[in-house]
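Here is a short briefing for a first look. Start with the structure itself, then work through the points below.

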Amino acid sequence: MNEFFLQFLPTLLLLDRVCMAVLGILLLLRCARSLFSPKGEPEIWGFLSMSNGARYQLQHWENMIGRSRSADIRINFPSVSRSHAAVCRDETGKWQVYPLNAKSGVLHNGQRVFTPSPLQPGDSIAVGGVGLYFFPANQTDEVLQAQKRTRAGRKVSAPVTLMLLTLFQTLMLIQFLPGLTDESTLPILTCFGGLALFSWLLYAGYRLLHRTAYELETLVFFLITLGFAITAAYSPSALFKQLITVGLGVCLFFVLNLLLRNMKTALRLRWPVAAAAAALLAFNLLLGQQIFGAKNWIVLGPISFQPSELVKIAFILAGTATLDRLFAKRNLIFTLLFSAYCVGCLALMSDFGTALIFFVAFLCIAFLRTGDLASVVMAVAAAGLGGGIVLHFKPYIADRFTVWLHAWEYTQSTGYQQSRTMSAIASGGLFGVGPEEAWLKHIGAANTDLVFGVIGEEFGLLLALCAVAALVIIAVFTIRAAAYSRSSFYTIAACATTAMLVFQTALNVLGSVDLLPLTGVTFPFVSMGGSSMISCWGLLAFLKAADTRQNASFIFRLPKGKVPRVPKAPEPEPTFFDQIPDIPVDDIFGKGGGLQ
């Protein structure tokens with residue numbers, strides 16, 4: 001009986017991997033359908049009305065008024081500057097008008113102002129001679145609007161998707177059962193079971209908090225499952241550490257969600273957070289240990305971690321604009337100096353891959369805060385000059401560019417890792433050879449830098465591509481949702497985090513297959529490493545903040561109050577929304593934008 005079973009064991013394991021690939025694709029499709037099924041649903045926080053009845057919707061908490069195409073309220077009139085004024089709302093519902101034109105200012109109720117001025121319903125605002133009247137939404141309007149928004153998880157059942165994820169984790173565990181030893185049995189069975197239990201407990205916590213969006217978390221646990229499989233094949237004893245760091249990451253995720261829930265508190269913390277990050281990098285630079293050529297590790301007894309991973313969270317929080325500084329380019333100086341400091345420290349540590357990731361996040365923040373493409377191009381040019389200097393003084397960095405796209409010519413030297421990775425992916429085919437037959441796991445840095453190749457060899461190219469697709473789905477949803485985010489704070493933080501994670505994934509995946517130079521950065525949520533795991537969970541909080549669906553994010557509280565029941569007779573009195581004629585703006589400005 002045992003011989004008969006062993007004879008068909010390879011076939012059974014292959015069928016198991018085929019089922020895993022099918023389940024992986026199904027999980028991605030279900031999560032994508034749930035995330036993308038609602039169309040864009042901008043929130044309406046009020047109107048700016050013209051005297052003839054035309055009105056502009058205020059769809060954000062910060063609304064730029066000007067002649068620029070990027071303005072939220074575009075008034076294409078010669079006397080209106082490109083960025084003339086801004087109408088902003090705080091968390092308490094108070095509105096202010098911010099004059100941005102230093103010469104002409106803004107006429108607020110007939111009085112010229114050059115500093116922020118509080119707005120009341122019905123106040124008049126004149127920009128460049130064009131008069132507008134301000135009408136904010138009231139509490140009843142906000143409650144009605146919130147109730148009409150798409151509820152997360154309505155299209156696709158989150159518990160069913162989570163059951164499929166648990167089934168996927170079970171099939172993954174089956175791959176390791178034939179090769180279990182006395183030393184590996186306990187960590188593999190305990191940690192895979194603990195990970196499945198963790199995903200259900202987190203979902204139960206969401207339901208207790210009346211939150212229904214669990215798609216991003218499901219995709220993250222899918223990636224973590226692949227990471228656990230890589231760790232189980234490489235070093236089963238390290239699974240306990242990975243499971244602990246998942247728990248620590250979830251705790252950090254909740255703490256950051258609570259912090260971001262109160263935007264004023266989050267913005268006040270940008271200075272101490274930046275100072276702590278700067279001190280941590282300086283400590284790392286002076287007393288850090290060099291591992292794999294980069295001095296980016298701190299070892300405290302049995303604990304070792306990479307400060308640069310945790311600084312990523314501080315970098316996003318400190319670099320995101322405060323509301324009163326959003327519209328002035330000169331206030332980008334702090335972000336520029338902080339970014340230069342972080343990138344400089346990482347360069348001195350020889351951690352150039354992470355330095356490049358920070359620089360990309362800075363470019364995203366700089367462009368979103370200023371809208372000035374020329375400044376971004378100049379920053380890229382300056383970075384290119386700095387990169388040339390680095391290559392001159394760090395010749396081993398130049399070797400990575402020498403081998404780039406020529407890995408097969410240096411298979412026994414600088415192209416050793418890339419050539420072995422591509423060979424392993426080819427041998428794995430669509431469904432892999434299994435963890436027992438795989439050999440790439442024995443190559444240096446296979447569990448961190450080459451994880452895409454390890455997944456491809458052990459579980460097949462389809463599952464490796466699913467890992468990349470999971471992060472792409474998260475990124476596309478975040479960018480799509482950020483366009484309708486309430487505040488620019490959440491928009492910029494989410495977009496910068498997305499740029500950081502996507503670029504890091506691209507460097508890891510494309511570097512391992514020689515489409516980009518191999519830089520030695522991790523695959524988010526997949527690569528083995530506690531610092532990276534905790535950091536990625538922290539960054540997920542910024543992505544979660546961009547989700548404005550009903551009962552989706554912890555960031556946004558549902559409006560308080562109940563909608564009053566309206567009797568059938570007499571007819572209810574119209575609100576200010578109904579009193580303003582809905583005349584399209586194009587009727588006044590025309591499709592070209594100028595006054596008719």
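The charged end of Arg 55 sits over the ring of Phe 47, at 4.5 Å from the ring centre. Keep in mind that this is a predicted model. Aromatic rings come up again below: the structure holds 19 aromatic pairs.

**Charges over rings**
- Arg 55 is placed over Phe 47.
- Arg 270 lies over the face of Trp 271, 5.3 Å from the centre of the ring.

**Aromatic pairs**
- Among the 19 aromatic pairs is that of Tyr 206 and Phe 254, whose ring centres are 6.3 Å apart.
- The planes of Tyr 206 and Phe 254 stand at 75°, over the 60 degrees required, so this pair is edge-to-face.
- Tyr 206 belongs to helix H4 (residues 185-208) and Phe 254 to helix H6 (residues 239-261), so the pair ties together parts that are 48 residues apart in sequence.
- Tyr 206 has 0% relative accessibility and therefore counts as buried.
- Phe 254 has 26% relative accessibility, so it counts as partly exposed.
- Phe 221 and Trp 537 also form an edge-to-face pair, with 5.7 Å from centre to centre and 65° between the planes.
- Phe 221 is in helix H5 (residues 215-234) and Trp 537 is in helix H18 (residues 530-544), so this pair ties together parts 316 residues apart in sequence.
- Both Phe 221 and Trp 537 are buried.
- Tyr 206, Phe 254, Phe 221 and Trp 537 are among the members of one aromatic cluster. That cluster also includes Tyr 203, Tyr 214, Phe 253, Phe 525 and Phe 554.

**Helices H4 and H6**
- The axes of H4 and H6 come within 9 Å and cross at roughly 15°.
- That angle is under 35 degrees, so H4 and H6 are roughly parallel to each other.
- Their crossing is right-handed.
- On the H4 side, the residues that meet H6 include Leu 186, Cys 191, Leu 195, Phe 198, Leu 202 and Tyr 206.
- On the H6 side, the residues that meet H4 include Leu 239, Phe 240, Val 246, Val 250, Phe 253 and Phe 254.

**Around Ala 314**
- Ala 314 is found in helix H9 (residues 307-319).
- With 8% relative accessibility, under the 20% limit, Ala 314 counts as buried.
- Ala 274 is 40 residues from Ala 314 along the chain, yet their C-alpha atoms are separated by 6.2 Å.
- Leaving aside neighbours within four places in sequence, Ala 314 is in contact with Val 273, Ala 277 and Phe 338.

How values were computed:
Residues numbered from 1 in each chain as written. Predicted model: local features only at pLDDT ≥ 70, side-chain atom pairs only at ≥ 80, totals over all residues. Heavy atoms only, no water. Phe/Tyr/Trp six-rings, centres within 6.5 Å; stacked < 30°, edge-to-face > 60°. Helix = DSSP H or I, 4+ residues; strand = E, 2+ residues; numbered from the N terminus. Buried < 20%, exposed > 50% of the residue type's maximum accessible area, 1.4 Å probe, protein only. Lys NZ or Arg CZ within 6 Å of the ring centre and 35° of its normal. Axes fitted to C-alpha atoms, helices over the stretch in contact; angles between N-to-C directions. Parallel < 35°, antiparallel > 145°, perpendicular 65-115°, else oblique. Left-handed = near helix turned anticlockwise from the far one by under 90°. Contact = heavy atoms within 4.5 Å.
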